[in-house]
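Please read the points below alongside the coordinates.

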Amino acid sequence: SKFPKGAIGFLVSGLGCPGSCDFCSSTSLYDHRRIEMLSPKDLVEHMYLYKKNFQDVTNVFVIEEDHFRWPDYLIKIKEPWESHPDMIESIDWFSFGSLDFIGAFVDRYGWDAIAEIGIGVMFIGVESKFAELLHYKKRSKTDPREVFSHLHNMGIRTVGSWICGWDFHNHSNIEEDLNYFVSLNPTYQQLTRLSPFPGTAL
């Protein structure tokens with residue numbers, strides 16, 4: 001078959017974010033706060049229901065603005081996840097993270113902890129090479145090249161996100177910015193243009 005095998009499940013662990021990025025709808029829609037939809041234990045049990053009832057599911061897409069902003073929540077997934085060895089062999093899940101919070105999680109728990117909680121795919125907001133011009137508090141401490149390289153060496157797929165159209169973009173630097181993003185070798189890519197969505201600070 002020309003189509004890949006397997007199916008994808010869908011869950012929502014939390015909505016909203018206190019990060020206050022001026023382009024982010026999630027921040028504005030949920031008043032700069034996170035609303036927990038599933039506890040760590042409930043998240044795993046819902047994944048297990050996919051395992052039991054939908055045998056073709058190989059990955060569960062878990063919506064959250066930034067899982068790694070909540071390290072205590074993430075690490076609490078480990079025990080219930082490991083209680084289902086049959087699921088570990090057949091399913092992983094899709095997480096969302098920003099670079100500095102990924103780095104802080106790794107400093108606290110180590111790289112192996114990411115795999116030990118079942119993450120198989122990670123969405124990472126790179127946004128731009130020129131992080132110092134963005135002034136967002138999530139891209140100042142951690143080297144994107146180190147994060148992407150470590151995850152790939154562990155067998156974790158990545159979705160890199162890059163944004164075109166910042167105020168500082170011009171003909172002389174936009175190609176440099178894009179080439180930097182490509183050099184990270186994300187497994188999959190999301191390239192978007194900066195858009196001032198209604199309700200955001202932008």
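1. Contact here means heavy atoms within 4.5 Å, and helices (H or I, at least four residues) and strands (E, at least two) are DSSP runs numbered from the N terminus. By that criterion, the buried residues of helix 6 pack against helix 3 (71-75), strand 5 (92-98), helix 7 (112-116), strand 6 (119-127) and helix 8 (144-153).

2. This is a predicted model, in which local features need pLDDT of at least 70 and side-chain atom pairs count only at pLDDT 80 or more, while totals for chains, interfaces and linings use all residues. Residues are numbered from 1 along each chain as its sequence is written, and side-chain values use heavy atoms, with hydrogens and water left out.

3. The mean pLDDT (the predictor's confidence in each residue, from 0 to 100) of the protein chain is 91, with 97% of its residues at 70 or more. Confidence is lowest in helix 1 (residues 25-29), at a mean of 80, and highest in helix 3, at 98.

4. In helix 6 (residues 99-109), the buried positions are Leu99, Asp100, Ile102, Gly103, Phe105 and Val106, where buried means under 20% relative accessible area, exposed over 50% and partly exposed in between (1.4 Å probe, protein chains only). Just after this helix, Gly110 takes a positive phi of about 90°.

5. Asp66, in the loop between strand 4 (57-63) and helix 3, is buried at a relative accessible area of 6%. Leaving aside residues up to four places away in sequence, Asp66 touches Phe96, Gly97, Ser98 and Phe101.
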